[in-house]
Number of protein chains: 2
Amino acid sequence: MRISELSRSSAVPVPTIKFYLREGLLPPGRATGRNQAQYGPAHLRRLRLIRAFTTISRLDLSTVREILGVLEDDTLPVPELYEQVARVLLGREPEPDAAAQPATGSTVDDMAAQPASGSTVDDLVDQLGWQVGPDAPSRERLGQALGVLRQLGGACDSDFLLAYAEAADRLAVQDLDLLPHRDAGADAERTDRAAAVVRSVMLGVAFTAMRHLAYTHHAALRYRHG
Amino acid sequence: MRISELSRSSAVPVPTIKFYLREGLLPPGRATGRNQAQYGPAHLRRLRLIRAFTTISRLDLSTVREILGVLEDDTLPVPELYEQVARVLLGREPEPDAAAQPATGSTVDDMAAQPASGSTVDDLVDQLGWQVGPDAPSRERLGQALGVLRQLGGACDSDFLLAYAEAADRLAVQDLDLLPHRDAGADAERTDRAAAVVRSVMLGVAFTAMRHLAYTHHAALRYRHG
């Protein structure tokens, strides 16, 4: 199809498609004449992927580029695929406004510098029986968040947090159950890797939105009709 | 305390504190001489809040400014507080890289333009019995995410999504149980509002990190030892 048709099928304006082409996020089409190129279903899929990441997950283009890079590595086993995507999502630099602040050597570690913040992460990981490396990027972020929760007071005890971790565990299992069985062979595994990553990212967005709806509903039940 | 002590207590460098003061994110201290000011515990709390939002939630400063503005409105009932914070978090502009793309009239709506994407949101909301307005910001984002999930194939059926929504519901209730009872009076309700918002934001970060850990663990169980 031509770029105009690609635009209609994807609902992405032609100038935006040209921008992605210039930026190398979208591979060039097959040249069919001067200033003309043909695009295929792979372009449409890639375009939808980029739009899902930018407009729904609100990821910046350099993060999207990194995720696409991870997805393109066909040799990556599924566990490393998830870990690398987590690393990209969690390891992205602070937002530009924050980056415009005077440089400091410890922006990310400040709140994590609470004593014993690491031990609660270890406790949770132990309670769930998760086997994850000590340098998994999510460990550090979890420790930072738990450090702030601890500063807020003793209300978020370990049972409270365990309920979150158990939900995360159950939902991850349910999600992985959608993937082809490992005996299905490397081909099936490869085909579905992009879908699996997009699914996990979109489910993260969906869950965040569901949480907001649940807060709104239950807060109204409790406080509005006093 | 002087700014140097505020810096030590918060682990935020003095130049960064001065930057927040210039930007109005941190209220000025009490002037005690030329070029000298005293800061109190409220400054320390506010500083920790700003750092939690910027370094752990990775929010940009304009989003942090908006959230602080919402928190400062003492007259806002708790349900509106959560809804307005959700609106700030979900409604924030696309990342700067994305904003640098050629302007389009429909950046956010592209993926949501799937037929029937709204009805599944309505189905979920009905199943959970959530009473939320038709223009709640999370509804639109949820519809967009569900639209992409539907494009990926039929695997994410309504039972699948219901498990996510029920977890969101249960965790929100557990979280709201930490708030003072509505009969505790307006004062108690006001005092805890900042803590409640920070808690919900940090629990969101923690849950995302937990999901990543769970994916890493369970994907390794399934695929690594073939």
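**Exercise 1.** Which hand, left-handed or right-handed, does the crossing of α5(A) and α11(B) have?

*Solution.* This is a predicted model, in which local features need pLDDT of at least 70 and side-chain atom pairs count only at pLDDT 80 or more. Residues are numbered from 1 along each chain, and chains are lettered from A.

Step 1. Take helix α5 (residues 78–91) of chain A and α11(B): their axes, lines fitted to C-alpha atoms over the stretch in contact, lie 7 Å apart at an angle of about 165°.

Step 2. Angles over 145 degrees count as roughly antiparallel, therefore α5(A) and α11(B) are roughly antiparallel to each other.

Step 3. The crossing is left-handed, meaning that the near helix is turned anticlockwise from the far one by less than a right angle.

**Exercise 2.** State how α11(A) and α11(B) cross, and which residues make the contact.

*Solution.* Step 1. The axes of the two helices, each covering residues 193–224 of its chain, come within 11 Å and cross at roughly 150°. α11(A) and α11(B) are therefore roughly antiparallel to each other.

Step 2. In contact (heavy atoms within 4.5 Å) are S200, L203, G204, F207, R211 and Y215 of both chain A and chain B.

Step 3. By class, this contact has six nonpolar, four polar and two charged residues.

**Exercise 3.** How many residues of α11(B) are buried?

*Solution.* Step 1. Buried means under 20% relative accessible area, with a 1.4 Å probe and protein chains only.

Step 2. By that criterion, 27 of the 32 residues of α11(B) are buried.

How values were computed:
Heavy atoms only, no water. Axes fitted to C-alpha atoms, helices over the stretch in contact; angles between N-to-C directions. Helix = DSSP H or I, 4+ residues; strand = E, 2+ residues; numbered from the N terminus. Parallel < 35°, antiparallel > 145°, perpendicular 65-115°, else oblique. Nonpolar A, V, L, I, M, F, W, Y, C, P; charged D, E, K, R; others polar. Buried < 20%, exposed > 50% of the residue type's maximum accessible area, 1.4 Å probe, protein only.
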